Amino acid sequence: MSISMSISDLPPHITIDILSRLPIKTIVHCKCVCNTWRNLLQEPYFVNLRLSRSPTTLIIHQFGHSLPLSDSDILKLVELEDDHDRHSLQYDPSTKFDLRFCYPNGYILLVGSVNGLICFCDFENEALFVCNPAVRQCVSLAEPKHKTRSPSVLVYGFGFSPVSSQYKVVQIFQKAIGPFSYECQGEVYTLGTGKWRSVGTVPFEYDCYLYSVYLNGNIHWLCDVESPESICSFDVEKELFQAFPAPPCLSRGTLYKSFGLLGGCLCVCDNSSDSEFVVWTMKEYGIKESWTKELVIRNNSELDRLSYAIVTPIKVWQNGDVLMLWRGDVLFSYSPERKTLEEVHVPRDSAHVVTPFINYEMLPHVASLVSLKDFGTERVDTF
């Protein structure tokens, strides 16, 4: 006598284990199978389990004045296929997320990506948003207490506290304290509270690299200071600003420098010299002596295009080649072994359409099922 069984007959923990190994897009579709699965897939345990199994991908913000409206200000979720003898960027156009649905006007820049949630800002209107492209949700944050009509004096950060499981957005701004004097102050917004709070004075000079980096419960900024600790960090749980060790002999200023993550480590890329281009990585978090020259590119006639431009390392492939973004508009792979550059084409929605003057922002991203509806205060728009 044969006994027929289906996946619905399996114990819940087996079902959870199987479903947590599926692609995010497939899991979203699985929510429509039945109410039992829908409830199961929304449980915090399942969301966290799937997050722990999510590979690091790349989120690409594509924008440009010459682009048609349908192709500007969209987020592309790109998978990184990496074998020792072959690597490529894989993109499914059906996963793109149109930021204009969240806010149709303005100059949009990415702030950060944490656990599948992406924070971005409209610099023209000083508005902030958090979205999760995987579940097609977006929230608009309450207006900060401090607003200014000069976007150059605003710096943002986005982070997560593993202690309280809270997501927080930080705004740093200049406040006049006299006729010709200013001090930096900070405000923080905890997702789900609907309001901003002051976190007092920021103890570093204001000229920061625009983009922040989140790692180990802290948000980091590269600052323009004459100090061996030219990085400022913000403890997301304790809400404290503090100095952080920078690479040795790093020249002052943020011009021709980039700040990010490479291989899960803090990374500073210095292209301010006319003789070489240096990529530093902090191998052990918080340990000053662990800053290491990950890559040094000596300038020559073939590599002159690298000079005096912002170059952002994205990923070190298994064969040692390094994926980099040059000037925000060209993606290339550099081979330390051959000392050559090879342009990498950013995946497009329409292969037959060639559009010049496209700009990109790129961040490491881990797709997740974290729902913005779980925070309870902000109005969630679904697209």
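Mentor: The largest pocket holds about 1200 Å³ of space. A pocket here is an open set of points on a 1 Å grid over the protein atoms alone, where a 1.4 Å probe fits and protein lies on both sides within 12 Å along at least five of seven lines; lining residues have an atom within 4 Å of a point. The volume is the space filled by probe spheres set on those points, which are joined across faces, edges and corners. Bear in mind that you're looking at a predicted model: local features need pLDDT of at least 70 and side-chain atom pairs 80 or more, while totals for chains, interfaces and linings use all residues. Numbering starts from 1 along each chain as its sequence is written, and side-chain values use heavy atoms, leaving out hydrogens and water.

The pocket is lined by 48 residues, and G260, L261, M362, L363 and P364 are the closest to its centre. Strand 25 (359-365) gives the largest share of the lining, seven residues. Strands 1 (57-63), 5 (108-114), 13 (213-215), 17 (257-262) and 21 also put in at least two residues each. (Strands are DSSP E runs of at least two residues, helices H or I runs of at least four, both numbered from the N terminus.)

Two strands count as paired if DSSP finds at least two bridges between them. Strand 23 (residues 330-335) and strand 24 have four, and one of the residue pairs is F332 with E343.

What about charges? The model has ten salt bridges, meaning a Lys or Arg side-chain nitrogen within 4 Å of an Asp or Glu carboxyl oxygen. In K168 and E239, the closest N and O atoms are 2.8 Å apart. K168 sits in strand 10 (residues 166-176) and E239 in the loop between strands 15 (231-235) and 16 (240-244), 71 residues apart. K168 is buried at 3% relative accessibility, and E239 is buried too, at 16%; buried means under 20% relative accessible area, exposed over 50%, partly exposed in between (1.4 Å probe, protein chains only).

K25 and D92 make another bridge, at 3.0 Å. K25 is in helix 2 (24-30) and D92 in the loop between strands 3 (86-91) and 4 (97-98), so the bridge ties together parts 67 residues apart in sequence. Here K25 is partly exposed at 38%, and D92 is partly exposed at 32%. There is also a network of salt bridges linking D17, R21 and R53.

One last stop is helix 4 (residues 44-52), whose buried residues are F46, V47, L49, R50 and L51. They pack against helix 1 (12-19), helix 2 and helix 3 (35-41), with contact taken as heavy atoms within 4.5 Å. Helix 2 is also where K25 sits.
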